[in-house]
There are 2 protein chains.
Amino acid sequence: MSHVISGRRPVSAATRARVEEVIHRLGYQADPSARGLRTQRTRTLGLVVPDLANPFNAELAVGMQEITLAHDYLTVVCEAPLGGPYLPAVLRQLVARRMDGIVLGRYGATRRDLDLITGSGTRLVRLGGPLEAGPGDVVRAAEVEGMRDLVRHLVKERGYRRIGFIGGEEGVEPGGERFQGYRDALAEAGLDIPDDLVVWTSFTRDGGRIGAARLLAATEPPDALVCANDLIAIGALDTLRERGVDVPGQVAITGYDNIEAASLVSPALTTVLNPAREIGRSAARILMQRLDDDDHGPAREVVLAHRVVTRESA
Amino acid sequence: MSHVISGRRPVSAATRARVEEVIHRLGYQADPSARGLRTQRTRTLGLVVPDLANPFNAELAVGMQEITLAHDYLTVVCEAPLGGPYLPAVLRQLVARRMDGIVLGRYGATRRDLDLITGSGTRLVRLGGPLEAGPGDVVRAAEVEGMRDLVRHLVKERGYRRIGFIGGEEGVEPGGERFQGYRDALAEAGLDIPDDLVVWTSFTRDGGRIGAARLLAATEPPDALVCANDLIAIGALDTLRERGVDVPGQVAITGYDNIEAASLVSPALTTVLNPAREIGRSAARILMQRLDDDDHGPAREVVLAHRVVTRESA
DNA sequence: CTGAAAGCGCTTACAG
DNA sequence: CTGAAAGCGCTTACAG
């Protein structure tokens with residue numbers, strides 16, 4: 001029977017059909033523990049994200065499941081909140097569970113955390129950061145290019161000239177890459193990047209509220225506010241609404257990520273779609289290819305395209 | 001060594017300490033496949049939800065993980081969208097994977113689906129529906145009481161009198177339970193439930209838009225709109241904003257669930273907190289207790305308290 | 001080409 | 001009380 005399943009030995013078509021009929025009728029499925037013990041493979045991938053309630057991360061999980069289920073692999077999703085001792089503990093759990101591969105969400109993981117994974121033979125895909133910063137493959141979106149295209153749109157299609165930037169925590173990615181894209185687009189258009197129109201706060205709604213208040217106080221106020229993510233943009237909208245500033249009439253606002261809330265607020269946010277589901281799919285595909293082919297070749301980096309989503313706010 | 005771990009045989013304190021030191025130093029963890037093969041247990045629970053991007057479902061997953069990780073169990077989250085052949089396929093996967101228990105989200109699962117799970121010996125917790133509707137235990141929030149308290153608040157604290165109701169798809173739970181709570185509260189206050197102020201649409205933002213438009217057309221329009229969930233309420237807000245109706249000045253609006261977006265819209269929604277994380281925790285606790293004690297006692301139902309969240313919209 | 005046996009790493013029933 | 005052995009259900013290397 002196992003030969004019919006594995007296809008390792010020639011079996012006549014008639015026999016194959018008969019065996020398959022019986023397998024189907026009895027609902028037979030090989031016991032995964034027995035199979036795992038023999039093959040030293042669990043056919044299971046782990047995904048670790050800082051916050052599952054963040055729709056971006058939920059979409060990563062859905063994308064991975066889509067691919068893994070079709071290949072008879074399972075995906076296990078774990079949440080390990082930022083700031084705290086959670087990440088090493090969760091990684092140890094997944095390694096102890098003999099995951100075949102782990103996809104590590106956007107984290108400031110230490111080299112030690114990463115080595116814990118790969119040292120045990122578990123395959124790794126990181127969702128961000130430079131390839132050379134650690135072991136494993138990398139899948140990420142084109143953050144620099146995404147922001148560059150968004151700001152280009154503001155300049156060329158909409159004619160904005162004094163464009164401010166509200167960042168998250170300074171130095172936390174992908175904030176830096178997004179700032180880079182903003183700078184590139186302005187430089188390209190020959191526009192100034194006035195120091196008093198750049199502010200770093202946090203990747204939250206409150207950060208956006210504070211940041212917008214600060215930029216509106218500039219001697220020559222901005223006509224557009226580019227925010228490092230959608231939550232910041234939603235907070236900036238709060239501040240402008242409070243002060244009776246018309247969006248986009250007086251000041252335009254843009255976000256980044258295209259989370260669900262981006263279309264729920266009013267005016268709906270112009271933003272950049274971050275292809276979370278596709279990132280999850282790609283990461284799963286890489287891991288399964290590496291596992292199925294026993295591929296230990298050089299690390300790979302997959303960069304996924306973005307897409308500017310135009311709505312009412314800019 | 002296994003005796004130290006299992007605690008099944010007396011081992012001297014000194015030996016225990018020495019063994020534990022070595023275990024820790026080598027980072028030894030029993031191979032889960034070997035253990036599973038021997039014990040016929042995978043120490044893994046499955047959670048099946050219709051939509052992982054829905055924060056309610058994401059919170060269920062986080063709550064389960066919280067409990068299971070602490071007990072050396074793992075939780076596997078699977079998405080099986082409503083409407084389509086996904087649910088039976090996903091359940092078959094989880095049963096084939098020998099999950100010890102499955103938590104089934106709010107679904108219209110057929111009796112056949114449920115029997116597929118319990119027939120294989122897998123333990124089941126359903127997140128809704130009457131206990132007698134199928135095998136397994138049930139964990140759910142107090143939906144009737146939640147809506148009753150919310151509407152009581154509208155009547156007693158806020159003085160609204162003509163209170164309309166926008167439901168989701170008629171006959172789909174938990175819509176019926178929420179409608180029941182609305183009726184109870186009105187009856188209690190001696191208020192009419194005018195037929196022309198009750199409308200059934202769908203559990204979406206669009207449903208809310210359409211429902212609100214219909215209720216505003218009533219000969220004697222409502223002074224408050226009670227919506228069956230937050231998305232419907234957000235849609236209703238859209239319609240009122242479009243028509244220049246002041247919320248809550250002219251018409252109050254309430255939601256249900258307290259999803260993240262409820263606090264992001266403007267005015268922020270008064271709603272009822274649906275304790276998703278606690279529901280996930282309870283479901284995991286029940287399953288692990290049933291498994292650890294080999295408990296085949298009568299089915300249990302756990303009902304969790306709700307909480308009214310007062311914001312700007314009512 | 002194909003049948004029978006070994007062995008993956010545990011847990012636990014059994015013998016001493 | 002404790003050591004040694006059986007056996008969980010697979011896959012695959014080996015013998016015939």
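The model is predicted, with local features requiring pLDDT of at least 70 and side-chain atom pairs counted only at pLDDT 80 or more, while totals for chains, interfaces and linings use all residues. Residues are numbered from 1 along each chain as its sequence is written, chains are lettered from A and ligands numbered from 1 in the order in which they are written, and side-chain values use heavy atoms, with hydrogens and water left out.

**View 1. The largest cavity and its lining.** The largest cavity has a volume of about 40 Å³ and is lined by A:Arg241, A:Leu264, A:Val265, A:Ser266, B:Arg241, B:Leu264, B:Val265 and B:Ser266. By class, this lining has four nonpolar, two polar and two charged residues. A cavity is a set of points on a 1 Å grid over the protein atoms alone where a 1.4 Å probe fits but cannot get out, and lining residues have an atom within 4 Å of a point.

**View 2. The interface of chain A with chain B.** In this interface, 42 residues of chain A are in contact (heavy atoms within 4.5 Å) with 42 residues of chain B. The two chains bury about 3,600 Å² between them, 59% of it on carbon and sulfur atoms, where buried area is the accessible area (1.4 Å probe) lost on being put together, summed over both parts. In chain A, A:Leu74, A:Arg97 and A:Leu264 lose the most area to chain B, together 18% of what that side buries.

**View 3. A salt bridge between the chains, and a helix cap.** Two salt bridges (a side-chain nitrogen of Lys or Arg within 4 Å of a carboxyl oxygen of Asp or Glu) are counted between chain A and chain B. In one of them, B:Asp31 pairs with A:Arg98, the closest N and O atoms being 3.7 Å apart. B:Asp31 also caps the N-terminal end of helix 3 (residues 32-39) of chain B, with a side-chain oxygen 2.7 Å from the backbone nitrogen of B:Ser33. Helix 3 of chain B is followed by B:Gln40, whose phi is positive, near 60 degrees.

**View 4. A salt bridge within chain A.** The side chains of A:Glu59 and A:Arg277 meet in a salt bridge at 2.9 Å, N to O. Because A:Glu59 lies in helix 4 and A:Arg277 in helix 12 (residues 276-292) of chain A, the pair ties together parts that are 218 residues apart in sequence. Helices here are DSSP runs of H or I with at least four residues, numbered from the N terminus.

Conventions
On a 1 Å grid over the protein atoms alone, a cavity is a set of points where a 1.4 Å probe fits but cannot get out, and a pocket is an open set with protein on both sides within 12 Å along at least five of seven lines; lining residues have an atom within 4 Å of a point. Grid points are joined across faces, edges and corners, and a volume is the space filled by probe spheres set on the points. Ala, Val, Leu, Ile, Met, Phe, Trp, Tyr, Cys and Pro count as nonpolar, Asp, Glu, Lys and Arg as charged, and the others, Gly among them, as polar. Helices (H or I, at least four residues) and strands (E, at least two) are DSSP runs, numbered from the N terminus. A polar contact is a pair of N or O atoms within 3.5 Å; within protein, one must be able to donate a hydrogen and the other to accept it, and residues adjacent in sequence count only if both atoms are side-chain atoms.
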